[in-house]
Amino acid sequence: MQSPLHRDEETVQELRAQITSHARAALSLKHSLNACAPISKLPPHLLALIFIHQAATIQNDNLLNLETGSYWEPERVAHKPVYSWLNVARVSQQWRDVALGCPELWAFATVDQRVPPLVLEKCEERSQGLPLRAVVHEVYQGSHCARCMSDDADSANRAAGFEMLRRVLHRTTHLSLFLDDRDDCDLWSVVEHEAGQLKSLRIVSARYIMKPHKTGNNASSTCLTSVPTNLFGLHTPVLVYLLLEGVEFVLDNTLLCPSLKHLNITNCRMLSSINGSADADVSDFITALRGMPRLETVKLSRSALQVQDLAKAQHEPVELPHVQLLRVPMGGELGTALLCCLHIPATATRHFTAQSTGLRERCPEAPAGLLHLLAGTPVWAILCGARRPTAFFGSDEDPPPFQLWVQDELADGPASDIGGQTWAAATSLCPPRFVIECDTSPSLLTSLDLRPLRFFTIRSGYVQRRDRPWMNVLESVPSVTTLRIVGELAFGLGAILTRWVHPRDTDAAAGVGKDPDDYLGYSTASGALEEKGYIGGATSPLPFPNLRRIEIACIDFPLDADAEAGGRKLYFRYTGQYMLWFPGPNRGAYGFDMPGFVKGLRARVERGAAPVERVDFEQCQCAKPERLRTLLEVVPEVWWDGRRLTLDDLRGQEPWLLQELEWPQERPRGRGCQEPDSDDEYWF
């Protein structure tokens, strides 16, 4: 007879067996349920392509662009995910089978103090000998928590990563090295082995990125990471792309090889190949370029180069027949000195970068050498302020360049039908000839040949909405057919196009506050007051007499004076805190002056100018669509974000002309990682 204890044990075993059986049945049902999902119908090869695309995106954002803004927020750097694209192997059995059968998904090696040897071994094994992309993070991240890495794992993971890199270097095609204050001898000893398939190499000093204000000539006085002259020993790879940032190197370095097509040197100290301890000059750099005849892109930014008397240097100009983009510093005549010594194709883009030494320094004035270089250049399109459409107009961290499209970039110049195209369509025909990071001073515009100018774009933040020096230069150019204005500068466009300025001597009588906008009152001015505001009188020549198309982007229409706070938030979602509606006579109500714009278009036709045939609004906001009705009476075509408007569109009261954009949220800055889903951080 069995004891009660023995019977209980049998019961427990039976229950456990039933639980296991039910768990297996539940898992089988889950597999069947997952198989019914639409994404499960995708063929495995398409699913693998999606995984590969996601992996490339994560790698570029989290691992290959570690320098971008990361070191201002160390908490975010410390907890950046590594190998997170492999989480697709944890979703379902089907996805896991696809991931394990896709060697391209594993062909990425990361040497990081958070990555244990097991991960590296599995990636090396499952990549099945495919060409690899590798990144080395020799960057101190002292804010790691215990969930990221144990205290004694730093050196062990680093050593295992170096050993793995040594084994796979021969099949590595892309290698990125991010360095800091550590002794780099171990790393240099790893990469001295043969790398026959290496095509792309990036060497970035993280400590230098942390101090971006030390640029230009200060680079020579800063302690930088030194790149060995013969990095790969006798096995120099056939490089196509080379990026060096925040390091020092001698200009006879073997990395500067004849096979290079893309060269990017930023924040570097270049040493003379004759005297390895002395700073290089322009002649040394030109001599180095002579040994790279296949270059297609040359970018030199904020790096120390001495400018000597080129007339006494007595060296032959360098022929670079394949260059499509040349980016050189503008300050100190360095850029113009380089252009004098380099023979590049006429259609190549010349980009002059600002040699700024602080985040809040204004873009510099164009130097005399650059003005001489541009003198008489015929241009058919000009862009002032090439910043992305964003709420942050006037950002000091993103200085707006000045772009020029030159007349001979098309076979016979701009064709006659280009005048009817949009700005984007016309300028997409070819890249700009000149990109210049400087203030758009009248001297820069007047140095150009503006007779063939057809397209002109200007952006607020580049000039203030009360500044019209650009108009004073361009008002006599008759060939402009398309005008594009981005931001607040367009608020008083009607007054600008008729050369009307608010008479200052009437401010006191009208109760206008101090320093009003110069277009204030144009829409309601009449009689003597209107006549008095026209510059040169009401019969003076008008700017852009052949203007056919106007593009207005990133502006708001006024809200009613009695709008409640909730209504103002409609615009706050897009424009930001400083661009809210505000009343009062000091500067006038915030928003685009539609009555003044319509009045100005009618006045232009009455004074003999060509009628405007089309007006485009892009990324604008209008709480009341009926505000656009009067414009349709003057202009045949009015478009809103690619949609042609009709009177029927404007009869409703719904504010559908609002941008569906959310105000950017602050990214979380947690000091710890999320709890892992299982005991193993990496589920392989």
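**Charge and confidence in a predicted model**

Good morning. I begin at the surface, where Asp8, Glu9, Glu10 and Glu14 gather in a patch of negative charge. Of these residues, glutamate 14 is found in helix H1, which spans residues 4-35.

The structure before you is a predicted model, so I turn next to its confidence. The protein chain has a mean pLDDT of 75, with 70% of its residues at 70 or more. Two segments deserve mention here. Over residues 67-78, pLDDT stays under 50, and the model has 28 contacts beyond four places in sequence for this segment. Over residues 410-416, pLDDT likewise stays under 50, with ten contacts beyond four places in sequence.

Side chains of opposite charge can pair when their charged atoms come close. The structure holds 14 salt bridges.

Note on methods
Residues numbered from 1 in each chain as written. Predicted model: local features only at pLDDT ≥ 70, side-chain atom pairs only at ≥ 80, totals over all residues. Heavy atoms only, no water. pLDDT = per-residue confidence, 0-100. Contact = heavy atoms within 4.5 Å. Patch = residues over 30% accessible without salt bridge, like charges linked within 9 Å, V, L, I, M, F, W, Y side chains within 5 Å. Areas by Shrake-Rupley, 256 points an atom, 1.4 Å probe, with all protein chains shown as cover. Salt bridge = Lys/Arg side-chain N within 4 Å of Asp/Glu carboxyl O. Lys, Arg positive; Asp, Glu negative; His and termini not counted. Charge placed at Lys NZ, Arg CZ, Asp CG, Glu CD. Helix = DSSP H or I, 4+ residues; strand = E, 2+ residues; numbered from the N terminus.
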